[in-house]
Amino acid sequence: MSPPSRRLQTKPVITCLKTFLISYSLIFWFTGVILLAVGVWGKVSLEAYLSLASEESTNAPYVLIGTGATIVIFGLFGCFATCRGSPWMLKLYAMFLILVFLAELVAGVSGFIFRHEIKATLGLAYKDAVKSYNSTESSRSAVDAIQRTLQCCGVKNFTDWSDTPYFKDNGIPTSCCKDNTKCSPETLKDLEKAAKEVYTTGCFTLVTSVMEANLGIIAGISFGIAFFQLIGIFLSCCLSRYITNNQYEMV
């Protein structure tokens with residue numbers, strides 16, 4: 001057993017480490033809440049864009065939501081482990097932080113490196129979705145949501161719809177209309193009349209720009225949270241080592 005004088009000297013150090021680690025765990029818990037919010041935001045705001053790249057809805061927002069929920073749980077576990085002063089709990093907490101660090105680092109790097117490829121893929125997918133509009137409910141909903149949200153129409157401009165099978169029977173989709181009350185079926189089938197009632201700006205450039213910007217935001221958040229884990233790993237390992245080496249016992 002360590003001499004009493006040594007234990008008395010290390011007690012303030014351990015108390016200081018515990019204070020920092022509890023503060024860190026609370027901040028870590030808050031980052032989990034942020035990831036949850038980003039996941040929900042991605043599900044609500046970006047689902048239309050992401051669904052264009054695949055026939056089925058993407059799971060990316062659910063991954064963020066699941067990761068955020070896990071971080072919230074382990075953030076509370078970190079506070080509990082610190083208060084208990086349990087070395088094995090602190091080591092388990094440090095191992096979890098390492099896993100989170102690696103996962104978020106990979107996600108951030110992948111998003112940053114492949115953002116241009118994702119942008120190009122999404123742009124081509126949007127072109128195909130316009131051509132095959134109304135063939136599937138998912139592609140139709142995605143195109144309509146994008147045109148209403150970005151206030152655009154077609155790929156390069158609204159005249160692109162004249163080359164689609166949908167235009168022959170229905171004209172330009174109502175999602176291109178500035179005011180639905182002024183968009184009659186006859187107007188939507190006549191490009192000259194429709195020019196005054198629909199958005200004339202094409203969606204291709206807007207879609208790719210919005211997606212690239214949002215991918216940059218997500219990658220930046222992933223990088224920031226990932227490197228933040230290094231602080232927790234250091235504090236957890238230090239506190240566990242001090243407690244183990246000096247037989248520190250909580251009262």
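Helices (H or I, at least four residues) and strands (E, at least two) are taken here as DSSP runs, numbered from the N terminus. On that basis I get 10 helices and 0 strands in the chain.

Ground rules for myself: this is a predicted model, where local features need pLDDT of at least 70 and side-chain atom pairs count only at pLDDT 80 or more, while totals for chains, interfaces and linings use all residues. Residues are numbered from 1 along each chain as its sequence is written, and side-chain values use heavy atoms, with hydrogens and water left out.

Next, the cysteines. I searched the whole structure for disulfides (cysteine sulfur atoms within 2.5 Å) and found 3.

Cys 152 pairs with Cys 203, S to S 1.9 Å. Cys 152 sits in the loop between helix 6 (137-150) and helix 7 (165-170), and Cys 203 in the loop between helix 9 (191-194) and helix 10 (204-246), so the link ties together parts 51 residues apart in sequence. Both Cys 152 and Cys 203 are buried (under 20% relative accessible area; exposed is over 50%, partly exposed in between; 1.4 Å probe, protein chains only).

Cys 153 pairs with Cys 176 at 2.1 Å, S to S. The S-S torsion there is about 90°, so I log this disulfide as right-handed.

Cys 177 pairs with Cys 183, S to S 2.2 Å. This link is left-handed, with -125° about the S-S bond. Cys 177 is buried at 6% relative accessible area, and Cys 183 is buried at 11%.

Which cysteine sulfur is closest to that of Cys 83? That of Cys 79, at 6.6 Å, too far for a bond. Cys 83 is partly exposed, at 45%.
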